[in-house]
Amino acid sequence: MNAIFDRLALYAKLVRLDKPIGTLLLLWPTLWALWIAADGRPSAKLILIFSLGTLLMRSAGCAINDYADRDFDSHVERTKDRPLTAGKISTKEALAVAGVLALIAFLLVLQTNSLTIALSFPALFIAASYPYTKRFFAIPQAYLGVAFGFGIPMAFAAQTGAVPALAWTMLLANIAWAIAYDTEYAMVDRNDDVKLGLKTSAILFAHYDVAGVLICYALTIGIMAILGWSLGFSWIYYAGLAVAAAMMGYHYFLIRNRNRAGCFQAFRHNNWVGGAIFAGICGNYLIK
């Protein structure tokens, strides 16, 4: 019995259940979209489906990521002790875990409509292929933004049966946000990534990395502000954006010296950024 629990603990570490920040960064934009698509009144069923689906797909993505990066992670200080890299589990186990989690997520999607089900296939492809973009794409963080934001069009599809231009605009805002926070994350591993020949926005931006992060943050807030204006949102929505913008400004002081601990702290702090925007969206509908 102890052996089984030890194995399950390794699987939990593989899918980062001990590090929920990735799930939260994926969940927040999905909830933004779900609330807006439902005019502030999403069904409990869809909230449950998308919340569990987000957890499952992020976990599956982590397993796929570790499989794709297994030959690189052993050379990176932050990742060398991951279960697959350390040889504590096999590549077949990692793929099996990813497959089972993705299958369960798909069973959840089957409880929605045909358009959402159709969108789940490109969503799976994007999530599974993201780890490989670090080998050839100069800004894999943009691809990550699509992967982490694909819950946006799926939420609109599930709630309304269509994917309006509004959904794609929100996805664009999420791409800008993902480039910002994942550049902070990439700044932590930049020296290791350069040695390994991998590509990240932190390497591409070079000495302009801090400026790049702030510009992407500004684009995120700007796009979301325009979106709110087009929907006639109230002041409370903009208050949420203002709080999020203040947090983004605080990140400048965390990353300006490019200290590894500060950059990682800024990355993790983006959970509160997403939460502030969501609070503004919820508040807008509550006072409507």
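**Close-up 1. Arg-190 pairs with Asp-209 in a salt bridge, with 2.7 Å between the closest N and O atoms.** A salt bridge here is a side-chain nitrogen of Lys or Arg within 4 Å of a carboxyl oxygen of Asp or Glu. The pair ties together distant parts of the chain: Arg-190 sits in helix 10 (residues 190–196) and Asp-209 in helix 12 (residues 209–231), 19 residues apart. Helices are DSSP runs (H or I, at least four residues), numbered from the N terminus. Both Arg-190 and Asp-209 are buried; buried means under 20% relative accessible area, exposed means over 50%, and partly exposed is in between (1.4 Å probe, protein chains only).

This is a predicted model: local features need pLDDT of at least 70 and side-chain atom pairs count only at pLDDT 80 or more, while totals for chains, interfaces and linings use all residues. Residues are numbered from 1 along each chain as its sequence is written, and side-chain values use heavy atoms, with hydrogens and water left out.

**Close-up 2. Asp-209 also meets Arg-258 in a salt bridge (2.8 Å, N to O).** Again, distant parts of the chain are linked: Asp-209 is in helix 12, and Arg-258 is in the loop between helix 13 (235–255) and helix 14 (260–286), 49 residues apart. Asp-209 is buried, with a relative accessible area of 0%, whereas Arg-258 is partly exposed at 34%.

**Close-up 3. Asp-66 and Arg-82 form a salt bridge, their closest N and O atoms 3.3 Å apart.** Asp-66 belongs to helix 3, and Arg-82 to the loop between helix 4 (70–73) and helix 5, 16 residues away. Both Asp-66 and Arg-82 are buried.

**Close-up 4. Arg-58 is buried yet has no salt bridge.** You'll find Arg-58 in helix 3 (residues 44–68). Its nearest side chain of opposite charge, Asp-18, is 6.7 Å away (Lys and Arg count as positive, Asp and Glu as negative; His and the chain ends are not counted). Leaving out residues up to four places away in sequence, Arg-58 touches several residues, including Val-15, Lys-19 and Leu-26 (contact means heavy atoms within 4.5 Å).

**Close-up 5. Helix 6 (residues 114–133) bends by about 25° at Ala-127.** The bend is the angle between axes fitted to the seven residues ending there and the seven starting there. A proline, Pro-131, follows within four residues. Among the buried residues of helix 6 are Ile-117, Ala-123 and Tyr-130, and what covers the buried ones includes helix 3 and helix 9 (165–188).

Terms used: Helices (H or I, at least four residues) and strands (E, at least two) are DSSP runs, numbered from the N terminus. The expected span of a helix is 1.5 Å times one less than its number of residues.
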